[in-house]
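Please open the model in a viewer and keep the selection tool at hand. The stops below proceed from one selection to the next.

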Amino acid sequence: MIEIKLAGAVLAAVSAALLGFTLGNDLKQRIEFLQNLQKGLIVLHQEMEYRKAPLEEALQYAGNSLTEPLSSFFRETGIRLEKLPGAPFFSVWEEMADWYLSEAGQKKEDLELIRQLGMQLSGLETEGNSGLLKIYEQRLQGMIVSAKEEYAGKAQLYQRLGILGGIFLVLLFF
């Protein structure tokens, strides 16, 4: 009987500790996602401004320099826009965002920023996109700084609470 109690206590302690570490890791992954998105916008901006690449081609090129899920989102958006020349940009952008980014576990504000970017990109010509992308790069920089501050303040707290919660559960079992 004591072995079952001990096994249950150990499992509860490990689960609580892992939950704390997982919550801390989610904060770190958000930082990486935002940095990757910022990199994608920088590449997109450079492709459109310096190479004068059309948006469809620039999206595909930017996607090649990113990690998942943003890589697929950028590439497939560009490919889809090429295959459907008359399709409204924002509807393709939003469809691809729903397909590739909705399950990525991002904050709603991050996904809303991507949606707003697509909406504004759809209403501008290539010349106007350059300034718009610069503005979004700066907004992302502020979000990255904020996410890093949140990570610094909360990651250790989540980890320690998970460990302490596990210890509490062990004491509760015995």
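Select Arg 115 and Glu 112 in helix H5: because these residues are 3 positions apart, about one helical turn separates them. Their side chains form a salt bridge in this predicted model, with the closest N and O atoms 3.3 Å apart. Arg 115 is partly exposed at 29% relative accessibility, and Glu 112 is likewise partly exposed at 31%.

Next, display helix H4 (residues 89-101) together with helix H5 (residues 108-122). The two pack at an angle of about 160 degrees, their axes lying 8 Å apart. H4 is therefore roughly antiparallel to H5, and their crossing is right-handed.

Now turn to other charged pairs; the whole structure contains 11 salt bridges. Select Glu 47 and Arg 51, whose closest N and O atoms are 2.1 Å apart in a salt bridge. Is Glu 47 buried or exposed? Glu 47 is buried, with a relative accessible area of 7%, whereas Arg 51 is partly exposed at 46%.

Proceed to Arg 75 and Glu 68, which meet in a salt bridge with an N to O distance of 3.9 Å. Arg 75 has a relative accessible area of 25% and is partly exposed; Glu 68 is partly exposed at 48%.

Finally, select Ile 2, Leu 6, Val 10, Val 14, Leu 18 and Phe 174, which make a nonpolar surface patch of about 580 Å². Leu 18 belongs to helix H1 (residues 2-50) and is exposed, with a relative accessible area of 52%.

Note on methods:
Residues numbered from 1 in each chain as written. Predicted model: local features only at pLDDT ≥ 70, side-chain atom pairs only at ≥ 80, totals over all residues. Heavy atoms only, no water. Patch = residues over 30% accessible without salt bridge, like charges linked within 9 Å, V, L, I, M, F, W, Y side chains within 5 Å. Areas by Shrake-Rupley, 256 points an atom, 1.4 Å probe, with all protein chains shown as cover. Salt bridge = Lys/Arg side-chain N within 4 Å of Asp/Glu carboxyl O. Helix = DSSP H or I, 4+ residues; strand = E, 2+ residues; numbered from the N terminus. Buried < 20%, exposed > 50% of the residue type's maximum accessible area, 1.4 Å probe, protein only. Axes fitted to C-alpha atoms, helices over the stretch in contact; angles between N-to-C directions. Parallel < 35°, antiparallel > 145°, perpendicular 65-115°, else oblique. Left-handed = near helix turned anticlockwise from the far one by under 90°.
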